[in-house]
Amino acid sequence: MGEWLNNWAIQVEDELKLMTTAETAEMQQWNKQSIYKVPEGVTVLNSFAYKPEFVSFGPYHHMESHLEPMEKHKRRALFHFLKRSRKPLVSYIVALAEVAQSLKDSYESLDPIWEADTDRFLVLMILDGCFMLEVMRTSTLEMDDYSVNDPIFSKHGKLHVVPYIRRDMMIILTTLVAVEKEEGTDQVLIMIISYISVSLHFVPF
């Protein structure tokens, strides 16, 4: 085997080793991600199907102007959640902080703003996660800690507002945040399954 051919073979072997290392890193990254942005080529065909119209969940659409009015209700939901749980907010912050990077890694193409500001990211996860839990809880269980005239969590809210929140929860870009819960895990899973079952029969598209 000539010198040129020998050098070429060595170069290919070296590149193969690098490729194997790169593939391993790529696979590890893909294994972390579970929440993806819909390609623009798909959303342009029907943007309504992939864009929240009433409330944002997660970082992708956070604080878009038409979704801002719901932010105050997320804060209210957090207060109710904390009051019922009888646990300090810091306990949830500490629990989420332990998995903050894992939560960030689960998002494809996470904006650098969120990557750089973990505190802000954790606030988003707590507010959105607790709001989701409250929506599911009041939709599937009897709750008595909200006013009968509550715009979201009353019987009137469940009939006339929650269906639109449900729609935004069900589209592909939404996610449920894993937070420490006052109920047992089995109860939470049953609540989620019950909520999804109802949602599949009544989503206002």
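Ground rules before we start. Numbering runs from 1 along each chain as its sequence is written, and side-chain values use heavy atoms, without hydrogens or water. Because this is a predicted model, local features need pLDDT of at least 70 and side-chain atom pairs count only at pLDDT 80 or more, while totals for chains, interfaces and linings use all residues.

Fold first. The protein chain has 11 helices and 0 strands. Those are DSSP runs numbered from the N terminus: H or I with at least four residues for helices, E with at least two for strands.

Now contacts, meaning heavy atoms within 4.5 Å. Take those with a separation of 6 or more: 69% join residues 24 or more positions apart.

Next, cover. Of 205 residues, 37% are buried. Buried is under 20% relative accessible area, exposed is over 50%, and partly exposed lies in between, with a 1.4 Å probe and protein chains only.

Helix H8 covers residues 118–140. In H8, 17 of 23 residues are buried. From first C-alpha to last, H8 reaches 33 Å, close to the expected 33 Å. That expectation is 1.5 Å times one less than the number of residues.

Last, the surface. Which residues make the nonpolar patch of about 460 Å²? Trp4, Leu5, Trp8 and Val12. Patch members have over 30% relative accessible area and no salt bridge; nonpolar side chains (Val, Leu, Ile, Met, Phe, Trp, Tyr) are joined within 5 Å, like charges within 9 Å. A salt bridge puts a side-chain nitrogen of Lys or Arg within 4 Å of a carboxyl oxygen of Asp or Glu. Trp8 sits in helix H1, residues 3–32. Trp8 is partly exposed, at 45%.

Definitions and conventions: Accessible areas come from the Shrake-Rupley method with a 1.4 Å probe; for residues, only the protein chains shown count as cover.
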